[in-house]
Amino acid sequence: MPKIRCTDRVVGAILASWRYDISGISPEMRRDYENHFAECAQCSSRQRFHRSLDATLAVLTSLSALFFLFALAVLKHIKPMEHMAFNVFGLDVEDTFHMLISAGIAGLIFSLIALALVLMATPAPKYLGGIAAERAKLIEERLPAAIKSLRSR
Ligand SMILES: [Zn+2]
């Protein structure tokens with residue numbers, strides 16, 4: 001892979017310190033950085049990398065919250081069949097059940113905190129919202145003309 005160099009090291013260093021996120025700065029200041037992203041292949045690829053990293057983190061933390069929620073739901077339903085499973089392992093039923101429930105709740109809370117931190121500390125919501133808006137636009141373009149004329153009314 002050929003090594004691409006940043007075309008403007010000063011701007012590149014500033015952008016790197018912001019993790020290539022310029023969504024928080026004023027529009028007139030943003031223009032210079034947008035120009036740099038347009039002309040600098042290194043910075044624009046790093047920006048894409050960081051935004052996909054943010055999106056991945058957001059998706060992973062929300063998935064983890066969902067899994068803990070699912071685990072809690074499973075635990076609730078598993079109680080009737082506990083006798084068989086717990087007698088085999090010789091575990092105390094009530095203690096184990098409460099331990100699993102607490103672990104599930106702790107995991108759920110932890111995942112939700114992690115998700116909130118990711119959404120606050122990164123531009124992931126904007127990025128994901130942008131993707132959703134793009135998809136919606138694509139779908140709308142593919143709509144048959146009949147539906148389009150109905151919608152424009
Ligand atoms: Zn650059």
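Let's start at the metal. The four donor atoms around the zinc ion subtend angles of 102 to 113°, so the arrangement is tetrahedral. Tetrahedral here means four donors with all angles between 85 and 135 degrees. Donors are N, O and S atoms within 2.8 Å of the metal, or 3.2 Å for Na, K and Ca; water is not among the atoms, so sites may look incomplete.

Two housekeeping points. This is a predicted model: local features need pLDDT of at least 70, side-chain atom pairs count only at pLDDT 80 or more, and totals for chains, interfaces and linings use all residues. Residues are numbered from 1 along each chain as its sequence is written, and side-chain values use heavy atoms, with hydrogens and water left out.

Back to the zinc. Which residues coordinate the zinc ion? Cys 6 through SG, His 36 through NE2, Cys 40 through SG and Cys 43 through SG. The distances run from 2.0 to 2.3 Å. Along the sequence, the donor spacing reads C-x29-H-x3-C-x2-C. Buried means under 20% relative accessible area, exposed means over 50%, and partly exposed is in between, with a 1.4 Å probe and protein chains only.

Now the fold. The chain has seven helices and zero strands. From the N terminus on, that reads α-α-α-α-α-α-α. Helices are DSSP runs of H or I with at least four residues, strands are runs of E with at least two, and numbering goes from the N terminus. Of the 153 residues in the chain, 25% are buried.

Take H1. Its buried residues are Val 11, Gly 12 and Leu 15. They cover an arc of only 100° around the axis, which puts them on the same side of H1. That arc is taken from the directions from the helix axis to the C-beta atoms. On the other side of H1, Arg 9, Val 10 and Ser 17 are exposed.

Next, the loop between H1 and helix H2, residues 27-39. Two residues there deserve a look. Arg 19 sits in this loop, with phi near 55°, a positive value in a residue other than glycine. Tyr 20 is in the loop between H1 and H2 too, and its phi is near 60°, again positive in a residue other than glycine. Buried or partly exposed: which is Arg 19? Partly exposed, because its relative accessibility is 29%. Tyr 20 counts as buried, because its relative accessibility is 4%.

Rolling a probe the size of a water molecule over the atoms shows where empty space is left. The search uses a 1 Å grid over the protein atoms alone: a cavity is a set of points where a 1.4 Å probe fits but cannot get out, while a pocket is an open set with protein on both sides within 12 Å along at least five of seven lines, and lining residues have an atom within 4 Å of a point. Grid points are joined across faces, edges and corners, and a volume is the space filled by probe spheres set on the points.

The largest pocket has a volume of about 240 Å³. Its lining is Tyr 20, Asp 21, Ile 22, Ser 23, Gln 47, Arg 51, Pro 123, Lys 126, Tyr 127 and Gly 130. Helix H3 (41-78) and helix H6 (124-142) are the elements that give two or more residues to this lining. H6 has the largest share, three residues. By type, the lining divides into four nonpolar, three polar and three charged. Nonpolar covers Ala, Val, Leu, Ile, Met, Phe, Trp, Tyr, Cys and Pro; charged covers Asp, Glu, Lys and Arg; the others, Gly among them, are polar.

The second largest pocket holds about 170 Å³ of space. Twelve residues line it, and Arg 5, Cys 6, Arg 9, Gln 42 and Arg 46 lie nearest its centre. Helix H1 (9-17) and H3 are the elements giving two or more residues to this lining. H1 has the largest share, four residues. This lining divides into six nonpolar, two polar and four charged. Note Cys 6: a zinc donor, and among the residues nearest the centre of this pocket.

Ala 55 lies in helix H3 and is buried, with a relative accessible area of 10%. Its C-alpha atom is 8.8 Å from that of Thr 122, 67 residues apart along the chain. His 98 is in helix H5, residues 93-121. His 98 is partly exposed, at 43% relative accessible area.

Technical notes
Four donors count as tetrahedral if all angles lie between 85 and 135 degrees; four count as square planar and six as octahedral if opposite donors are over 155 degrees apart and all others between 65 and 115; anything else is irregular.
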